[in-house]
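Let's walk through this structure together, one piece at a time. Have the sequence and the 3D view open as you read.

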Protein chains: 2
Amino acid sequence: MDRFVSHYVLRLDAKGRVSVPASFRAVLARDGFDGLYCYPALDRPALDAGGYALLSEIDALTAGFQPYSDQREQFALALYGTSETLKIDGEGRVVLTDTLKDHAGITDTVTFVGLGHKFRIWEPGRFRTELAEATEKVRAFKQELGTRMMAAAAVPKPLGARE
Amino acid sequence: MDRFVSHYVLRLDAKGRVSVPASFRAVLARDGFDGLYCYPALDRPALDAGGYALLSEIDALTAGFQPYSDQREQFALALYGTSETLKIDGEGRVVLTDTLKDHAGITDTVTFVGLGHKFRIWEPGRFRTELAEATEKVRAFKQELGTRMMAAAAVPKPLGARE
DNA sequence: TTGACGCCCATGTAGTCCCATGATAGCCCA
DNA sequence: TGGGCTATCATGGGACTACATGGGCGTCAA
């Protein structure tokens with residue numbers, strides 16, 4: 001598998017270390033990135049983490065702005081400036097910096113969540129809330145999509161016909 | 001055969017393992033996915049499962065949104081975050097996680113139902129009610145379609161004409 | 001000197017692998 | 001056409017391994 005999938009709840013030990021889930025480590029190894037690229041999520045109390053795949057997403061984003069533009073510099077600052085490259089020890093664990101932990105409200109337990117090309121690190125309680133909200137939104141979206149399809153199908157009409 | 005069809009009732013053993021129906025395994029083997037991609041269905045107490053064919057369906061869904069957009073992240077969270085890639089052992093069995101079993105209300109027996117490019121896993125009792133409801137809906141829909149067609153035929157009007 | 005960090009080893013548990021058994025259905029041969 | 005044989009599949013259980021977690025020790029830098 002080449003993407004981050006599923007979620008795991010893991011504990012920090014007395015030294016502040018957390019095991020990165022083995023399946024995530026496997027993805028990182030394949031990605032080729034040595035360590036863990038990590039920064040506070042822009043608009044959530046969570047951390048974004050990953051390898052080269054994540055880095056190239058950031059590149060693509062900043063590249064979208066004019067060179068030397070304020071926006072570009074601000075993005076670069078917010079993303080690159082707050083990033084850390086965490087070392088992964090022999091047992092596959094990392095130590096989160098205080099800045100990172102503060103941003104996410106992490107104390108002694110974390111939830112790792114795969115998002116495909118990257119993954120997020122949450123304080124477990126906050127994660128549950130976030131997941132519930134996201135699930136609700138997706139469900140609503142799917143339902144809307146479904147009823148639209150049904151409406152189109154109910155009246156025998158060529159697909160894509162205008163209302 | 002390259003799609004999941006028919007349905008099977010199988011039992012979990014003491015270790016919580018279930019055999020994936022052999023015909024489904026054959027489809028997965030052809031699909032090339034190593035393991036079983038599985039997640040809780042959004043709007044039913046059931047599990048969706050499959051291989052790359054299912055994954056690409058999810059890809060298509062999330063790829064439609066801008067990177068870093070709220071919607072995309074929520075979709076990724078709800079879809080990738082709740083997914084699991086289950087290992088298939090030498091005998092073609094998988095172990096469902098507690099989260100998955102809870103969502104579907106599975107205890108010691110499951111029903112596998114083929115849906116073409118993916119399949120669903122149900123608690124057998126719930127599957128029966130679902131099937132009954134679905135059958136009823138389809139019957140009603142078909143009937144309605146029939147009368148509409150009849151009406152359309154009575155008044156000679158090109159097929160697909162607007163009401 | 002002391003704390004932080006990197007590196008190493010220890011342990012319990014849960015997941016994985018491997019082999020065994022029983023049932024079934026398809027096939028071959030008389 | 002009927003009976004037996006065999007391949008396939010679901011199921012069961014024991015052994016082993018990988019993983020998360022905990023702790024010790026040396027090193028380097030304030």
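This is a predicted model: local features need pLDDT of at least 70, side-chain atom pairs count only at pLDDT 80 or more; totals for chains, interfaces and linings use all residues.

Residues are numbered from 1 along each chain as its sequence is written, and chains are lettered from A and ligands numbered from 1 in the order in which they are written.

Helices (H or I, at least four residues) and strands (E, at least two) are DSSP runs, numbered from the N terminus. Two strands pair if DSSP finds at least two bridges between them. In general, strands of a sheet pair through backbone hydrogen bonds, either parallel or antiparallel.

Now zoom out to the sheet of chain A. It is open, has six strands in the order S1-S7-S8-S4-S3-S5, and pairs antiparallel. At its edges are strand S1 (7–11) and strand S5 (84–86) of chain A, each pairing on one side only. On average, neighbouring strands are turned by 30° against each other, direction ignored.

Turn next to chain B. Here, too, you will find an open sheet of six strands, with the order S1-S7-S8-S4-S3-S5 and antiparallel pairing. Strand S1 (7–11) and S5 of chain B each have a single partner strand, so one side of each is left without a neighbour in the sheet. Within the sheet, strand S4 (residues 47–50) and strand S8 (residues 119–122) of chain B run antiparallel and are joined by three bridges; B:Ala49, for instance, has B:Phe119 as its bridge partner in S8(B).

The axes of helix H2 (residues 52–63) of chain B and H3(B) come within 9 Å and cross at roughly 160°; axes are lines fitted to C-alpha atoms, for helices over the stretch in contact, and angles run from 0 to 180 degrees between N-to-C directions. That makes H2(B) roughly antiparallel to H3(B), a term for angles over 145 degrees. The contact brings B:Ile58, B:Leu61 and B:Thr62 of H2(B) to B:Arg72, B:Phe75, B:Ala76 and B:Leu79 of H3(B). Two residues are in contact if their C-beta atoms, placed from the backbone, lie within 7 Å.

How do the two chains meet? 20 residues of chain B are in contact with 23 residues of chain A. On the chain B side, helix H3 (70–80), strand S5 (84–86) and helix H5 (124–154) each give two or more residues, and H3(B) gives the most, with six residues.

Finally, look at the DNA. A residue is near a strand if its C-beta atom, placed from the backbone, lies within 6 Å of it. DNA strand C is surrounded by residues of both chains, including A:Lys87, A:Asp89, B:Lys15 and B:Lys87. DNA strand D is surrounded by 20 residues, the closest being A:Leu10, A:Asp13, B:Asp13, B:Ala22 and B:Glu91. S1 of chain A and S1 of chain B each supply at least two residues of the surface near DNA strand D.

Notes: Angles under 35 degrees count as roughly parallel, over 145 as roughly antiparallel, 65 to 115 as roughly perpendicular and the rest as oblique.
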